Amino acid sequence: MRPSATFDTHTIAEIQRAAETGIYAIRGFGAKRAVPHFDDLLFLGASMSRYPLEGYREACGTDVVLGTRYAQRPLRLDIPVTIAGMSFGALSANAKEALGRGASMVGTSTTTGDGGMTPEEREASDRLVYQYLPSRYGMNPDDLRRADAIEIVVGQGAKPGGGGMLLGQKISARVAEMRDLPAGIDQRSACRHPDWTGPDDLEIKIAELREITGWQVPIYVKVGASRPYYDTALAVKAGADVVVLDGMQGGTAATQEVFIEHVGIPTLAAIPPAVDALQELGVHRNGVQLVVSGGIRTGADVAKAIALGADAVSIGVAVLIALGDNSPALADEYAALGTAPGRYDAWHEGRDPAGISTQDPELEARLDPELGARRVANLLRVLTMEAQTIARACGKSHVHNLEPEDLVALTVEAAAMARVPLAGTSWVPGNPSTSPGGPQ
Amino acid sequence: MSALDTPPVTTLDLDEQGLRAVNRTLQEAPDGARFAVTSPGGRHAIAAGLRSAIEVDVHGHAGYYCAGMNQAATVRVHGNVGVGVAENMMSGRVEVHGTAGQSAGATAHGGLLVVEGDAAARCGISLKGADIVVKGSVGHATGFMAQVGRIVIFGDAGPALGDSIYETRIYVRGAASDLGADCVAKEMRDEHRAELAALLAAAGAPDADPGDFRRYGSARTLYHWQAP
């Protein structure tokens, strides 16, 4: 009765599914397997040698300004947690509206996606980041000028090097019209930009976007985490105001399972090389901001990403869960779809009982944008308060004062990736000037 | 409109004024204004982001993204252009009296792009509704993933023409010996000859015979995802 570690239950089921269907698996969500993550880090609270701040009373700043390098109107956020790009098409219009309203309630930004900007989303969002993607679906200069920032998407953590898919069952007439494609067909979003190749071209592209928007708004460059040191350096060289770094745990609406689980590197491993690049170029916390995403769930994750060098984080999967995705209240409906709360990831199929990843009018109507917005705002508030709690415990009057020195790692792998000591030692694997037996 | 009604041409010299000032003047100009842009010197993003019905003549060679995202304006380049001329054009007209680099008219939603010479690779890539007429030949992957709109090629088409094409219609007078994935030759019916004749006239080639062109488009076998 001994189960195999190599051929575990999921692996066996997947082989059986492949043999039966002859087709590879596509799903939503992000990487599900365990990889070194923020859970493998701990903060060292203040003690004899550090001076903490008083609980929820003493001030601990959370504001962040993105786009201070070139933009005449940098994006000012009250909290260091933003909402990541997710398309109208992948998500319902109600879901997009709820995200915009929720972000606005707490003074942060939300982001369009691969499908263009809807009027509802623009109306609902005080601060809206407009994604500029390889497909250019719905891209037009009027919306570009209406944006508060522009995010050039080079890659996505769930699928660095991959394009997008939106299967026909989610291509409603409105989605099709916005994308200039026939309704009902399976749409492929390009994996390469159509009019630039490589960082030298990107520099010219960024300059064009600035000419068209009058040098007013910040321009971000988003990369999927694979070669973060070089990608960050090249993005800065190309003229980015902000680098968005999305680790492999980042979500997707529809991608091959093999791609999600086997391409790209964990968020934890991606941050230090990106920070290295920014520091070497003299722009870290000095002109170019770093936004990190991919598996951010809690205020502890927010604080850890910031301590490692991020200026802000983006969340995607977590806000969908806040909206009602994977809710136990939908257990019966998930069962009818052959899944269960906590496991639902068929976001590509358009049958989401929570009304989020669907274009079915009846299902979409289940999501009240006002209620959804309150839930999103609540989550964003909690993440921020949790990050402040940790920052105060570490004696910081602003979350940005958190630093790697505040962290230790629970595992050798996490210590090596995050470049912080293994807990209880002064050993940073890979750093020859440290040793396992050194002082704490 | 008589000659007396024609607004005077304002000359904007890029060496003297710089790109930002010239583009700002063009972007804020009222309908009907006319401009001559001199000393382009291969600069990038010349006349990008225009949004009124003005006329602009660029005298010399332009770099990347000339007339990018054009709305309503008529831009004539008397020289060659680099990558992405009229990229994402929404409306209006862009003429290149020379040759064009890669990705000419990429993702353009509307308007007409006319290239008097050749256009390099990926002409009309991800086209979203605009019309492109190239009076010379085009490079590889022309019409790649092109969604809507028309591409007319007087000369030869490079390899992988129309790869992964959606509903764009491509008309070729010269050789098109290497078609990309899911791109096939299609029957020229009367409605196609009629729309092509209108396009040829609009592009200043009313004497070209639509009967000399062949039509290419999507076989639509990739419209529904399946295992490779």
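Student: Which residues touch the most other members of the largest nonpolar core?
Tutor: In this predicted model, they are Ala240(A), Val243(A), Ala47(B) and Leu113(B), out of 206 residues. Local features need pLDDT of at least 70, side-chain atom pairs count only at pLDDT 80 or more, and totals for chains, interfaces and linings use all residues. Residues are numbered from 1 along each chain as its sequence is written, with chains lettered from A and ligands numbered from 1 in written order.

Student: Why is this called a nonpolar core?
Tutor: Because its members are buried Ala, Val, Leu, Ile, Met, Phe, Trp, Tyr and Cys residues joined through C-beta atoms within 7 Å. Buried means 20 or more other C-beta atoms within 10 Å of the residue's own, with C-beta atoms placed from the backbone. Helix H14 (residues 369–393) of chain A gives the most to this core, 9 residues.

Student: What makes a residue a contact of Ala47(B)?
Tutor: The two C-beta atoms, placed from the backbone, must lie within 7 Å. Leaving aside neighbours within four places in sequence, Ala47(B) has contacts including Val37(B), Val56(B) and Cys66(B).

Student: How many residues of chain A are in contact with chain B?
Tutor: 24, against 34 residues of chain B. Helix H6 (residues 199–212) of chain A gives the most to the chain A side, with 5 residues.

Student: What describes the packing of H7(A) and H9(A)?
Tutor: An angle of about 35° and axes 7 Å apart. Axes are lines fitted to C-alpha atoms over the stretch in contact, and angles run from 0 to 180 degrees between N-to-C directions.

Methods. Helix = DSSP H or I, 4+ residues; strand = E, 2+ residues; numbered from the N terminus. Buried ≥ 20, exposed ≤ 12 C-beta atoms within 10 Å, placed from the backbone.
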